[in-house]
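Here is a short report on the pockets of one protein model. Please look over the sequence and the structure before reading on.

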Amino acid sequence: MIRVIKKYSKNIQRVLLFLLASIVVIYIFPRQGKFRYEYSQGKPWKHSTLIAPFDFPIYKTAEELKSEEDDVLVNFKPYFKYHSDIQKEAIGKFVDFNSKKRKNIIKKYPFLAKNLNDSTVLYDNYINHIVIQLGKIYNKGIYSIPDNMTDVATSSIIILVKNNFAESFELSEFYNYQTSYQALHSSINIYLSELSSTTIHDVDNLINEFELNRYLTPNILFDEERSNQERADILTNISLTEGVVLSGQKIIDTGDIITLETRKILDSFKKEYESSLGRSSGHYFIVIAQSIIIMVVFAFIFLFLFFFRKDVYRNM
């Protein structure tokens, strides 16, 4: 067996080369049928009268689909989710952190050691007031807008999911980071001015001492997954087509000017024609025919070399 292979090794190599070359050319050869009509909008139809050979839908243009998408997305409301755990965590951190600083802060701001009517010092009431205000702010909600949605107006309507209930709200009904800090700062100012005669400068320094911005974390967060799903559901309701051309129906006559509507029909016909070639039995006949032609051409090349260019054939 080995002797036979060695004896005919050259011929085996030539056969393998023939098959390999044929396979490569067949693989890279275009298999899709070509639409034989050429046309441009605003110019006359140069071909014979075109009759629809089969039923096909009329597809909307990309511009029409984009316009419809923009129209339906005007009423799209993004989803946000309320996170109740953020409030508990932030207030807990505030209480823990400032209980450790109690002595130092009272020493630095002696007016906080003032005894109130209920036998408590101002500092403790002050801390309690901040906790209550933080709770109110978090209960109302602090929203955060993703970077790719910075153009969203505060008058925009959102869907807020809280305790498994979804409800529409205007974004302005909630705090953002800046307004939440302003509300907390203002509340503390009013509270301290009523209970002590300290200066505004001391109040500002005291507020800065507590680093309240560290305890203001957005708890109304954009729900990207649900928003994308809702957006996709809305867009799926947009039809890609607008009507149908029936088999046997005249599409265009020779010499007719190609209008926008006619171009849409021709584009739709071209799309359906080319896609039908890929999914019909004709596609396989094209591949078979191409394979036969390519192999016959290579066979003629080999025969030509064998009979007329033996020097080249021997070196193969």
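Which residues lie nearest the centre of the largest pocket? They are Leu 73, Phe 76, Pro 78, Met 149 and Val 152. The model is a predicted one.

## The largest pocket

The volume of this pocket is about 370 Å³. Its lining is made up of 15 residues. Two elements each give two or more residues to that lining: strand S5 (157-162) and helix H9 (224-236). H9 provides the largest share, with three residues.

By class, nine of the lining residues of the largest pocket are nonpolar. Four are polar, and two are charged.

## The second largest pocket

The second largest pocket has a volume of about 160 Å³. Helix H3 (62-73) and helix H10 (260-279) are the elements that give two or more residues to its lining. Here the largest share comes from H10, which supplies five residues.

The lining residues include Tyr 59, Lys 60 and Thr 61. Also among them are Ala 62, Glu 63 and Leu 65. Leu 240 is another lining residue. Arg 263, Lys 264, Asp 267, Ser 268 and Lys 271 line this pocket too.

How many charged residues are in the lining of the second largest pocket? There are six, along with four nonpolar and two polar residues. For the largest pocket, the counts are two charged, nine nonpolar and four polar.

Note on methods
Residues numbered from 1 in each chain as written. Predicted model: local features only at pLDDT ≥ 70, side-chain atom pairs only at ≥ 80, totals over all residues. Heavy atoms only, no water. 1 Å grid on protein atoms, 1.4 Å probe; cavity = no way out; pocket = protein on both sides within 12 Å on 5 of 7 lines; lining within 4 Å. Points joined across faces, edges and corners; volume = space filled by probe spheres on them. Helix = DSSP H or I, 4+ residues; strand = E, 2+ residues; numbered from the N terminus. Nonpolar A, V, L, I, M, F, W, Y, C, P; charged D, E, K, R; others polar.
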